[in-house]
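Could you walk me through this model in my viewer, one selection at a time? I would like to know what to pick next and what I will find there.

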Amino acid sequence: MNILFSSFLIITLFSSSSHAQCPDYTFSNNNLYTACNALPVLNSFLHFNYHPSNNSVDLAYRHTGVTSSNWVAWSLNPGGGRMVGAQCLVALFNSSGAPRAYTSPITAYATGLQEGPLSFGVPRIAAEFRNGEMIIYATIQLPQGTTSFSHVWQFGDVTSSGAIQAHQMTSQHLSSFGAIDFATGVSTNTGAGSGGSRQRRRNVHGVLAVVSWGIMMPLGAMVARYMKVFKSANPVWFYLHVTCQTAAYIVGVAGWGTGLKLGSDSAGIEQTTHRNIGITLFTLATLQVFALLLRPKPDHKYRIYWNAYHHAVGYAVISLSIANIFEGFDILDPEKKWKRAYIGVLIAIGAVAVCLEAFTWFVVIKRKRVSSQTDKQPHVANGVNGA
């Protein structure tokens, strides 16, 4: 009797725990689902009934907080990947203003979620929109002998002409995947779970990039531009400039390496602009390092060309660095205070640069004026009658 009671208690607690994963919800068609998983990101819920007799699933995917100008999608990926190979159930509003659901297989990174048959049967699919949420109802025929899959969910915008736009690249959008076993009802949030370590890697990448490319590089350039005007600072300014830029390059390469690793771990997620700018930055910065080894002496006839190259590439690196950091902010989507903090740092660096620029010109103009007045003074000859 005690064993039966204990078993009943365990089952009751387990049922309560499973039920607690999703808030109570009543569907308009009064459908009942024995399992529900509150997905960890993007305000989404997956309700389903698994039928072991024919290895099929009746499901309802709910995506809250969307509008009539959004598309939503939930998909299985039998190959275990994320975007490429995903077999999608898609819902959006059609031209007549009614919700519509259809299937779409993804075979490449660039996709407009075109309608097409999936690798498994979908005998029933429909969509409903109410109270700011899109619901996809479907019956899917799972591949024989398989109940565990990777699954992905997303949403994005639809233009007024009906064109589907790519989803955003925020941290939530990049973490919207996991694993689900329909037989056990267990959903493993690999996207959010590994997203902990992946998010930490993203944060490390972002910090290294901001400190190296976004702060140290501009400061190193300011050292070279504003210290060398003082004769007493020669050659200290040169060694400070080289030290600062070398340290920035080393830290920047470390950040670039973590970025490459993140890119390889995010197959199917396009971040073309950010990646391409990063590769360009690494290339130009590496050229700067090697150019230092070929630096002509100050009185060399080719030194003027080397200076022009060095300055042009250096300022290009700084400009691209700042632009790419803001691209990274858009991808990481951190709290607004971090972006504002970096903007504040840029404003402070810019303000200091303006003041130093004015002071530098003042020193240079004053020095030229004194030199000019000295040259105009008559020379007093030694000896009698100027002899």
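Start with the salt bridges: the structure holds three of them, each defined as a side-chain nitrogen of Lys or Arg within 4 Å of a carboxyl oxygen of Asp or Glu. Before you click, note that this is a predicted model, in which local features need pLDDT of at least 70, side-chain atom pairs count only at pLDDT 80 or more, and totals for chains, interfaces and linings use all residues. Residues are numbered from 1 along each chain as its sequence is written, and side-chain values use heavy atoms, with hydrogens and water left out.

**Stop 1: Glu133 and Arg62**

Select Glu133 and Arg62, whose side chains meet in a salt bridge at 3.4 Å, N to O. This pair links distant parts of the chain, with Glu133 in strand 8 (residues 133-141) and Arg62 in strand 3 (residues 56-64), 71 residues apart. Helices (H or I, at least four residues) and strands (E, at least two) are DSSP runs, numbered from the N terminus. Are these two residues buried or exposed? Glu133 is buried at 6% relative accessible area, and Arg62 is buried at 4%. Here buried means under 20% relative accessible area, exposed over 50%, and partly exposed in between, using a 1.4 Å probe and protein chains only.

**Stop 2: Arg100 and Glu115**

Next, pick Arg100 and Glu115, which form a salt bridge with an N to O distance of 2.3 Å. Arg100 lies in strand 6 and Glu115 in the loop between strand 6 and strand 7 (121-130), so the pair ties together parts that are 15 residues apart in sequence. Arg100 is partly exposed at 30% relative accessibility, while Glu115 is exposed at 54%.

**Stop 3**

Arg225 counts as partly exposed, with a relative accessible area of 38%.

**Stop 4: the annotated transmembrane regions**

While you are here, colour residues 204-224, 236-257, 277-294, 306-326 and 341-364, where an unreviewed UniProt entry places the feature "transmembrane region". UniProt positions are given in the numbering used here, feature names are shortened, and annotations may be inferred rather than shown by experiment. In the model, residues 204-224 are 100% helix and 0% strand, with the end C-alpha atoms 29 Å apart. Residues 341-364 are also 100% helix and 0% strand, and the end C-alpha atoms of that span lie 34 Å apart.

**Stop 5**

Show the strands in the order 1-2-3-8-7: they form an open sheet with antiparallel pairing, where two strands pair if DSSP finds at least two bridges between them. Strand 1 (35-38) and strand 7 stand at the edges with a single partner strand each, so one side of each is left without a neighbour in the sheet. For a closer look, zoom in on strand 1 and strand 2 (residues 44-51), which run antiparallel and are joined by four bridges. Ala35 has Phe48 in strand 2 as its bridge partner.

**Stop 6**

Select strand 9 (residues 148-157), which is mostly covered, with eight of its ten residues buried. Strand 9 runs antiparallel to strand 4 (residues 70-77), and eight bridges join the two; Val72 stands opposite Phe155 in strand 9. Five bridges join strand 9 to strand 10, again antiparallel, and His151 stands opposite Gly178 in strand 10.

Continue to strand 10 (residues 177-181) and strand 11, an antiparallel pair with three bridges. There, Ala179 has Thr188 in strand 11 as its bridge partner.

**Last stop: the whole chain**

Finally, zoom out: the protein chain has seven helices and eleven strands. Of its 387 residues, 38% are buried.
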